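Please keep the sequence and the structure in view while reading.

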Amino acid sequence: MAFSKAGKNRGVQIVLRGFLFCFSKLDILYIKCYNFLKAKGDITVGKFDGVLICTDLDGTLYRNDKTISKENRDAIEYFKQEGGFFTFITGRMPYYSMDAYNNVNPNVPFGCINGGGLYDGEADKYVWNCEMSHDVCDVIEAVDKNVPSAGIQVCLFDKTYFSKESDTTEGFRLVTGIPHLVCPYREVTEPIGKIIFCSGSEDTIFSVEKTLKSHPKAYEFDFIRSERSLFEILPKGVNKGLALEKLVAYLGVDPRKTVAVGDYNNDIGMFKVAAVGVAVANACKDAKDAADFVTVSNEEHAIAQVIADIENKKYGF
């Protein structure tokens, strides 16, 4: 970032510059000060000034082996140094998103719970979240009785309860590293973020979906298939697009300079809200159909490619 009026309030500008850009985690107050100075014409900024990228994690930023390529990490750092805002919006809860957070160091809060929360990793707290009604237990019970092979997870804002085991729950714990806490769903009293049903059987997942959508209380909630083996209940109106809307408002950035990148059905909500939706080449058909562009796969440094495309004005800003 270079200052356009070198002699004007130079000391104040240098201090603000240090606060704003020497640290990877930006406080909202500093962002607003930065936007104010920019609007006044006191500063000029990097080539990605004000552009917000929100990416999915699994199947998008992550390679198939759950690592982030050096090419992606280097491109993300370059993007941030040139004034861009980078973060992710994931179906994961914050307590098993911190590996990703520490790997890429988002400079704004990240979205979690498939759009049900925004989390400030530096302050270690939610800046916004959406609680689910405990009436959801009636809907869970219908699946419990009619699809007994489906596993049941009750995701709170600070932990997950495994209310019922399935063929995939142990593997889920191994991948995420979360502890095996057990509590029947009817006995949960804490605020609930979302419900996950899990099974390695395609037929079981379809049965879960059918049971949920035919329930008399289905209109009170939203449902999403977040992975091949996972089907979720979310609070009504919650999706990744809502998290993106909340983040744009929180930061005060221009919604016309937002890019969302993803690979699955639960990313379609943020494709609809972002100015540009980009599906990776390995995305499911529904995600590709909903996106504005299709880029390279998660094995080919997709985020680095998106950043290069922004730099080359492919998306019009």
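## The largest pocket

In this predicted model, 32 residues line the largest pocket, and Asp-58, Lys-66, Ser-226, Glu-227 and Leu-230 are the ones nearest its centre. Two or more lining residues come from each of helix 3, helix 7, strand 8 (192-198), strand 9 (221-227) and strand 10 (230-235). Helix 7 makes the greatest contribution, with four residues.

The space in this pocket is about 580 Å³.

Is Thr-168 buried or exposed? The relative accessible area of Thr-168 is 19%; the cut-off for a buried residue is under 20%, so Thr-168 counts as buried. When neighbours within four places in sequence are set aside, Thr-168 is in contact with Cys-198, Ser-199 and Gly-200.

Helix 12 spans residues 302-311 and is mostly covered, seven of its 10 residues being buried. These are Ala-302, Ile-303, Ala-304, Val-306, Ile-307, Asp-309 and Ile-310. In an α-helix there are 3.6 residues a turn, so residues three or four places apart point the same way.

Which elements cover the buried residues of helix 12? They include strand 1 (52-55), helix 3 (57-61), helix 4 (70-81), strand 2 (85-88), strand 11 (258-262) and strand 12 (276-279). Just after helix 12, Lys-313 adopts a positive phi of about 65 degrees.

## Nonpolar cores

Nonpolar side chains tend to be buried together in soluble globular proteins. In this model, the largest nonpolar core contains 70 residues, and Leu-52, Val-259 and Ile-310 have the most contacts inside it. Beyond its neighbours within four places in sequence, Ile-310 is in contact with Phe-48, Val-51, Ile-53, Phe-79, Val-259, Tyr-315 and Phe-317. There is also a second, separate core of 26 residues, among them Met-132, Val-188, Phe-221 and Ile-233.

## Confidence in the model

The average pLDDT of the protein chain is 90, and 86% of the residues score at least 70. Over residues 1-26, however, pLDDT stays under 50. For this segment, the model has 47 contacts beyond four places in sequence.

Note on methods: Residues are numbered from 1 along each chain as its sequence is written. This is a predicted model: local features need pLDDT of at least 70, side-chain atom pairs count only at pLDDT 80 or more; totals for chains, interfaces and linings use all residues. Side-chain values use heavy atoms; hydrogens and water are left out. Buried means under 20% relative accessible area, exposed over 50%, partly exposed in between (1.4 Å probe, protein chains only). Contact means heavy atoms within 4.5 Å. A nonpolar core is a set of buried Ala, Val, Leu, Ile, Met, Phe, Trp, Tyr and Cys residues joined through side-chain atoms within 4.5 Å. pLDDT is the predictor's confidence in each residue, from 0 to 100. On a 1 Å grid over the protein atoms alone, a cavity is a set of points where a 1.4 Å probe fits but cannot get out, and a pocket is an open set with protein on both sides within 12 Å along at least five of seven lines; lining residues have an atom within 4 Å of a point. Grid points are joined across faces, edges and corners, and a volume is the space filled by probe spheres set on the points.
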